[in-house]
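Visitor: I have a model open and some time to go through it. Can you take my questions as they come?

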Amino acid sequence: MFRSLLIANRGEIARRIGTVARAMGLRTIAVYSDADAQAPFVKEADQAVRLGPPPPKDSYLNVEALIRAAKETRAEAVHPGYGFVSENAEFARACTEAGIVFVGPPPESMARMKDKAQARALAKGAGVPVVPGSDGVVADLGGASAAAERIGFPLLVKAAGGGGGIGMAVAGSQPELEKAFRACADRARSAFGRDAVYLERYFPAPRHIEVQILGDTQGNLLHVLERECSIQRRHQKVVEEAGSPLFLEGKNPALLRGMTEAALAAARAFGYANAGTVEFLISDGEFYFIEMNARLQVEHPVTELTTGVDLIGWQLRIASGERLTLKQEEIRRLGHALEFRIYAEDPVRFLPSPGPLNVFRPPEGEGIRVDAGYAEGGVVTPYYDPLLAKLIVSGKTREEAIRRSDDALQRFDIQGLKNNVPLHLRIVRDRAFQEGALDTHFLEHHARP
Amino acid sequence: MDVPAHITGTVWKVEVSVGQKVAAGDVLVILESMKMEMPIEAPEPGTVKEIRCQPSQPVNEGDVLVVLTP
């Protein structure tokens with residue numbers, strides 16, 4: 001095992017990785033922008049290096065500054081967290097060239113997943129059902145129109161280099177397709193530096209369910225069951241849970257088996273090692289591959305809490321060349337866990353709300369875990385995503401986890417900026433949520449004030 | 001009339017120029033905050049009299065971005 005780890009991220013995930021790594025005896029090195037100089041993840045690290053000014057391109061996305069920081073501090077490994085450079089194959093290669101271990105999949109595997117059109121073709125080739133679509137990028141509006149005729153409306157226009165809901169638009173007709181195509185290509189160019197887009201069938205009310213994968217560099221691969229992430233706004237997750245209500249009490253066993261087997265097949269096709277996630281849409285009892293994420297997911301704690309598998313710990317051990325000693329048959333779900341993403345945003349219109357955290361008091365109690373990126377007195381800036389903290393609540397059953405969540409949310413005291421705790425309270429009290437009747441448009445019809 | 005920013009963030013794009021005629025609902029400026037882009041639209045038709053922001057400039061909620069004349 002390496003002895004030192006640079007964490008190329010910020011906020012709650014940088015803090016969480018640091019905590020796990022220090023418990024394993026590693027020296028941790030934080031990197032930070034000027035906006036985060038006083039953040040908990042910086043203070044708790046053994047060492048901290050300033051990257052630059054607040055904008056991500058000058059700090060957390062600055063590959064040169066990150067590699068320099070790793071060399072200066074003699075870091076033997078780098079954990080990229082999620083977002084920022086976590087799915088950047090160039091960064092992974094730069095680490096390797098500098099003699100630093102990159103905690104993640106091999107760069108060539110990352111490159112295969114990054115281009116979503118290519119990833120789709122690979123998954124399809126491995127026998128994994130994919131959402132009907134354009135099979136590769138469409139070169140121009142003419143190509144898009146032709147593909148749309150074949151797939152049928154409504155459909156989704158997506159940027160091939162995109163993610164997190166950026167560069168996506170729904171089109172219900174040919175005229176709408178023209179508008180969506182231009183908007184998407186434009187956004188893709190400015191955000192990702194290329195304007196390649198592809199098309200996919202749009203399902204009006206699907207569930208979003210994903211399968212956690214863990215593999216080592218010797219070719220051992222297993223899945224750590226599923227997570228349901230259907231509750232989203234603007235294609236970004238808001239509440240996640242493990243397991244999915246669709247499979248509670250042994251329901252739909254064939255669907256779950258099919259999905260987990262498909263996830264393993266996809267991971268093999270990508271030549272995957274380390275922790276990753278295969279995302280699916282479920283509609284009318286069928287599942288369809290969307291993408292594979294070459295990194296730790298934001299929502300990994302619900303898997304950790306219900307299976308006892310320490311995902312970050314395994315990421316570090318696998319990256320250092322250790323063998324995955326877990327066996328598939330040892331992976332069992334015990335209890336239920338919910339994760340609520342506490343965002344600095346208006347709880348009704350979901351508009352960003354940066355500002356000061358005059359009061360920030362997370363709840364404590366049985367079954368409650370809080371992964372927070374900020375502390376009371378901190379300031380939330382507009383430069384990064386709005387995630388303040390993750391409230392993760394577990395219980396013996398889903399009902400118990402929901403009851404505990406209601407109580408924990410009521411006791412979460414945040415003042416100084418708008419936050420979505422009131423939204424989460426409406427969700428846990430919503431009848432459809434309690435019944436597990438979820439789809440990705442849930443928030444458009446439920447939990448309204 | 002003054003068109004203000006409705007969120008705190010940075011200016012991503014200015015979509016209009018001085019002297020340009022706009023209809024209600026036309027996008028004047030696109031702001032970016034917390035990894036989200038938010039269009040600022042013309043509340044009513046008019047002509048762009050003044051542009052008080054430029055790309056990558058930080059703005060606060062309530063700051064006037066564009067001035068329109070009817």
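Visitor: What does the accessible surface of chain B come to, and what share belongs to carbon and sulfur atoms?
Guide: This is a predicted model. The accessible surface of chain B is about 3500 Å², and carbon and sulfur atoms hold 49% of that.

Visitor: How many helices and strands does chain B have?
Guide: Chain B has zero helices and eight strands. Along the sequence that reads β-β-β-β-β-β-β-β. The radius of gyration of chain B is 11 Å, close to the 11 Å from the globule rule for 70 residues, so chain B is as compact as a globular protein of that length.

Visitor: What does the C-alpha trace of chain B span along its principal axes?
Guide: About 30 × 20 × 20 Å.

Visitor: And what percentage of chain B counts as buried?
Guide: Of its 70 residues, 40% count as buried. As for contacts in chain B between residues at least 6 apart in sequence, 58% join residues at least 24 apart.

Visitor: How far apart are the mean positions of the positive and negative charges in chain B?
Guide: They are 5 Å apart, with 5 positive and 10 negative charges in the chain.

Visitor: Switching to chain A. Which residues of α7(A) are buried?
Guide: Leu141(A), Ala144(A), Ala147(A), Ala148(A) and Ile151(A) are buried there. They lie on the same side of α7(A), because they cover an arc of only 120 degrees around the axis.

Visitor: Which exposed residues does the face turned away from that buried side carry?
Guide: Glu149(A) and Arg150(A) are the exposed residues on that face of α7(A).

Visitor: Which residues does the cis bond with omega about -5 degrees join around Gly243(A)?
Guide: That cis peptide bond joins Ala242(A) and Gly243(A). Gly243(A) belongs to the loop between β11 (236–242) and α9 (253–269) of chain A.

Visitor: Why single these out?
Guide: Most peptide bonds are trans, and most residues other than glycine have a negative phi.

Visitor: On phi, then: what value does Asn274(A) have?
Guide: Asn274(A) has a positive phi of about 80 degrees, and it is not a glycine. Asn274(A) is in strand β12 (residues 274–283) of chain A.

Visitor: Is Asn274(A) buried or exposed?
Guide: Buried: the relative accessible area of Asn274(A) is 1%, and the cut-off for buried is under 20%.

Visitor: What about Asp284(A), where is that?
Guide: Asp284(A) is in the loop between β12 and β13 (286–293) of chain A. Its phi is near 50 degrees, again positive in a residue other than glycine.

Visitor: Buried or exposed, for Asp284(A)?
Guide: Asp284(A) counts as exposed, because its relative accessibility is 78% and exposed means over 50%.

Visitor: Last one. Where is Cys184(A) found?
Guide: Cys184(A) is in helix α8 (residues 174–192) of chain A. Cys184(A) counts as buried, at 2% relative accessibility.

Visitor: What separates the C-alpha atoms of Cys184(A) and Pro80(A)?
Guide: A distance of 28 Å, for two residues 104 apart along the chain.

Note on methods: Residues are numbered from 1 along each chain as its sequence is written. Chains are lettered from A and ligands numbered from 1 in the order in which they are written. This is a predicted model: local features need pLDDT of at least 70, side-chain atom pairs count only at pLDDT 80 or more; totals for chains, interfaces and linings use all residues. Side-chain values use heavy atoms; hydrogens and water are left out. Helices (H or I, at least four residues) and strands (E, at least two) are DSSP runs, numbered from the N terminus. Buried means under 20% relative accessible area, exposed over 50%, partly exposed in between (1.4 Å probe, protein chains only). The arc is that of the directions from the helix axis to the C-beta atoms. The radius of gyration is taken over C-alpha atoms; the globule rule is 2.2 Å times the number of residues to the power 0.38. Contact means heavy atoms within 4.5 Å. Accessible areas come from the Shrake-Rupley method with a 1.4 Å probe; for residues, only the protein chains shown count as cover. Lys and Arg count as positive and Asp and Glu as negative; His and the chain ends are not counted. The place of a charge is taken as NZ of Lys, CZ of Arg, CG of Asp or CD of Glu.
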